[in-house]
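Trainee: I would like to learn how to read contacts that involve aromatic rings. Could we go through them one by one?

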Amino acid sequence: VTFEIHPDIAKAEAPPSEVYSSQDCFERLRKTAFRNSWQFAADLDQVKVPGQVYPFSFIEGCVDEPLLLTRDTSDQIHCISNVCTHRGALVCEHAGNERYLRCRYHGRRFGLNGSFEHMPEFEGVEGFPSESDSLRSVQFEQWGRLLFCAVEPACPFSEWMEPALAAVPPPTEYVYDASRSRDYLVKANWALYVDNYLEGFHIPFVHAALNEVIDYGTYRTDLFPWGTLQTAYGSDSFDDGFLQLPPDQAQGVAALYYWFFPNLMLNFYPWGLSINVVKPLAADRTKVSFICYVRDPSRLSDGAGAQLDRVEREDESVVEAVQRGVQSGLYNRGRYSTKRETGPHHFHRMLARALSE
Ligand code: FES
Ligand SMILES: [Fe+2]
């Protein structure tokens, strides 16, 4: 499936419905948009002290690239491939504290920075060891206490996250809250979940309680090269001076909803940050991980950020119904509201580009 999205939203048609159900599209996006993305990797606490190692998977269930975060004895953080350069065994299987990395298959040893150190029974092997016998290093970036990484990034981190980096102070004094974090399994294509996230158009129809605390009339969407920002205004707003937005935008902000292509959402509320990571599992199955960071617990029950679980269930129910709808033979593609659907239009243009690669 290849398709075009007219750059002029007034003339454009949304993607053909096949995009949301075809196995072929799903596989291609997995190998392009997802493989080439930046991802939230871990909290800084996972590698708090020298010697700490933290194995993880780059988009579990989707790309599944085995990676490893370490902090070496000189207090430097590294993100490296977790695949042994001998026969491809996983080098580190459990988080913990180590002096070096040792592959349990045939005993190859690496430093905590991934550099090759020792291999038994390899005397006489020509040109060994070489650079390719060390574990591959992987790009990572730190923003406050959040670590991000990329295997083959389509753009630099600073460019990808620029809008949030410019407007929100780094999330440093935030506390991870496991009790408010959880995974949702959505019976729909990942891109339908993103489509729904990117417009506030449905708020009055689908989210009655949320609609009470935000002002639908002033809800705004800004577009960026790698994402969008939706700003909701309302009575329970951020303290003055916290956000570094232009003065005409900063007053009375109740929530900032950032989305970064393809699958990261950073939702800032006066109480803190809710990270949503959208993980495609199959063409019609998606896992959405909610990761919660509290900055000001006294504001947890304020306004737009108060009922995230209810809003999520309302979204899931509608998105799952859309999944059944796009599989219909009687529907193909629809048009956009020029006022309320600039976010989905922007996303669909990125999707069309990724599918034509
Ligand atoms: S696969 Fe790691 S030492 Fe053989
Ligand atoms: Fe919604």
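**Reading aromatic contacts**

Mentor: Arg108 lies over the face of Phe122, 5.4 Å from the ring centre, where a charge sits over a ring if NZ of Lys or CZ of Arg is within 6 Å of the ring centre and within 35 degrees of the ring normal. The charged end of Arg182 likewise sits over the ring of Tyr184, at 4.0 Å from its centre. This is a predicted model, in which local features need pLDDT of at least 70 and side-chain atom pairs count only at pLDDT 80 or more, while totals for chains, interfaces and linings use all residues. Side-chain values use heavy atoms, with hydrogens and water left out, and residues are numbered from 1 along each chain as its sequence is written.

Trainee: How is a pair of aromatic rings described?

Mentor: A pair is described by the distance of the centres and the angle of the planes. Rings of Phe, Tyr and Trp (its six-membered ring) pair if their centres lie within 6.5 Å, and planes under 30 degrees apart count as stacked, over 60 as edge-to-face and the rest as tilted. By this rule the count comes to 24 aromatic pairs. The centres of Trp38 and Phe157 are 5.2 Å apart and their planes are at 65°, so this pair is edge-to-face.

Trainee: Are Trp38 and Phe157 buried or exposed?

Mentor: Both Trp38 and Phe157 are buried, which means under 20% relative accessible area, with exposed being over 50% and partly exposed in between (1.4 Å probe, protein chains only). Phe238 and Phe242, by contrast, form a stacked pair, 5.8 Å centre to centre with 5° between the planes.

Key: Chains are lettered from A and ligands numbered from 1 in the order in which they are written.
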